[in-house]
Amino acid sequence: MYLSQEKSILPSRLLACLIAFAIFLLFSSSLSLIQFDPNSFIPISVLHLILDNSTSLSPTSNAKTNLLTLPTPSAKAPTSLVDESTTKRCDKDNALLKVYMYDLPPEFHFGLLGWKGVNASQTWPNLREAKRLPSYPGGLNLQHSVEYWLTLDLLASNVGNVARQCSAYRVQNASEADVIFVPFFSSLSYNRGSKQRHGRQNDMVMQGKLVEFLQGREEWKVSGGRDHLVVAHHPNSMLFARKKLGTSMFVLSDFGRYDVKIANIDKDVIAPYKHMVRSVSPVSSASFVQRPTLVYFQGAIYRKDGGVIRRELYYLLKNERDVHFAFGSVGRNGVSNAGKGMASSKFCLNIAGDTPSSNRLFDAIASHCVPVIISDEIELPFEDVLDYSEFCVFVPAADAVKKGYLLNLLRGIKEEEWTKMWGKLKEKSLHYEYQYPSQPNDAVDMIWKTVTRKKMPTWLKDHRRNRYIRSRSQWISICCEWGLVHGEHVSFETR
């Protein structure tokens, strides 16, 4: 009886499933057609609501303004509805951030790249002639090129034929702006003269000219500079002007060489370095078993200040199996070799140097090598919306230099857990890519969104607290497994 009844129910269930599936396909295909039809009978707001509700956003996100990051798209371009701002006209009415940019003379920006206008009155290069755009110098200069990408992006916002993300739009009147951008290539100005006495003097002169210009502007006098955005990504850039411009919002690499009254996480933006190694495609990224090296570090070993720890770790790890810890530089194919080494390693060390941050973290991310951050004072880009503990390992410096601690911790991270972090790395790596034109959720887009969020409540404190939770729980687990919970070298105190 039950068997016959079950047989009669099965076709009904199958039919119901087929009908439901057919309705789903019909609805999906209708949406695909509607999204390209401006005369659709379904309001676009309804379509946005459907997509917004089906997309996982961080808790502090706002569907209307999209201030936080959407899930990173895969290798293909995002759909037109989710990233509508890349296809529709960008203007001050639909941009997330309205930015006024001073028309400083070329000597402050593209003139430092050797660019000259066709006449003395031309301030900016013609973006419609893409092949003639001045390029930023290569080598180590590139890692601090944030100023270049942000300036290009603002200029592009007024050019109709450039398809870009509409996070920031350049307005022509300061009274309409949310923020005022200062287009001084301060890192390049410093780098160009860092090894020349005359160059250093010229950089000081440029900083003096900039301060005089800003303090003479009515926009600065009205706000006291609080609505001004100044890029000083190189730790030594704006060295003489920073105190006089300290009320403004800085875009920095870290706070290592700044007084807390001049620069701090409450008012300023931490931006990623531009990585030096070639980005690894998510499709070709080596898996756990395809990465023979456990730990990788290549760079300057003897550093001053907080970087002394590099030397201590070098003597602890240099003779360990499956560890590459060696001196390296950008010369003699150094960058290329480092890229290959990182791409074939499971963990890449990011150790404090002369300053808390370095480009090495972003090289590791581009290589999908799980970063191990040993820098107690480091500040991380976009940490208010990104939980770095999902794809990085944080180790307090005091623990890292204890014999056996670091390697036991990393060897205790098994393939399954490492693979989860590796997956997050591949997903988040787009956030650290500088490119022109800017694209949804790349580094330029993320910086503009961070500027916008400076006046909003965020998850920054929660994410910062998460930094050491993962590594501590892993270490406790390893110690319990080995029966070493009471060992002298184990430290569980809360930092």
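**Exercise 1. Find which residues of the largest nonpolar core, a set of 84, touch the most other members.**

Step 1: A nonpolar core here is a set of buried Ala, Val, Leu, Ile, Met, Phe, Trp, Tyr and Cys residues joined through side-chain atoms within 4.5 Å. Buried means under 20% relative accessible area, with exposed over 50% and partly exposed in between (1.4 Å probe, protein chains only).

Step 2: Now look at helix H3 (residues 146–156), which gives this core its largest share, eight residues. Helices (H or I, at least four residues) and strands (E, at least two) are DSSP runs, numbered from the N terminus.

Step 3: Apart from that core lies another one, of 30 residues, including Cys90, Ala95, Leu104 and Tyr258.

A quick note before going on. You're looking at a predicted model, where local features need pLDDT of at least 70 and side-chain atom pairs count only at pLDDT 80 or more, while totals for chains, interfaces and linings use all residues. Residues are numbered from 1 along each chain as its sequence is written, and side-chain values use heavy atoms, leaving out hydrogens and water.

**Exercise 2. Work out how the rings of Phe288 and Trp418 are arranged.**

Step 1: Start with the rule: rings of Phe, Tyr and Trp (its six-membered ring) pair if their centres lie within 6.5 Å, and planes under 30 degrees apart count as stacked, over 60 as edge-to-face and the rest as tilted. The structure has 21 aromatic pairs.

Step 2: For Phe288 and Trp418, the centres are 5.5 Å apart and the planes sit at 65°, so this pair is edge-to-face.

Step 3: Check where the partners come from. Phe288 is in the loop between strand E6 (269–270) and strand E7 (293–299), while Trp418 is in helix H12 (residues 415–428), 130 residues apart.

Step 4: Trp418 also pairs with Trp422, this time stacked, at 5.7 Å centre to centre and 15° between the planes. Both lie in H12, four residues apart, about one turn of the helix.

Step 5: Trp418 has 0% relative accessibility, so it counts as buried; Trp422, at 11%, counts as buried too.

Step 6: Finally, the charged end of Lys426 sits over the ring of Trp422, 3.6 Å from its centre. For that, NZ of Lys or CZ of Arg has to be within 6 Å of the ring centre and within 35 degrees of the ring normal.

**Exercise 3. Describe the order and pairing of the five strands in the open sheet.**

Step 1: The order is E8-E7-E9-E10-E11, and the pairing is parallel. Two strands pair if DSSP finds at least two bridges between them.

Step 2: At the edges you'll find strand E8 (323–327) and strand E11 (393–394), each pairing on one side only.

Step 3: Two bridges join strand E10 (residues 370–374) to E11, and Ile373 has Phe394 in E11 as its bridge partner.

**Exercise 4. Find what Leu380 touches.**

Step 1: Locate Leu380 in the loop between E10 and E11.

Step 2: Leaving out residues up to four places away in sequence, Leu380 touches Ile270, Leu361, Ile373, Tyr388, Phe394 and Arg467. Contact means heavy atoms within 4.5 Å.

Step 3: Leu380 is buried, with a relative accessible area of 4%.
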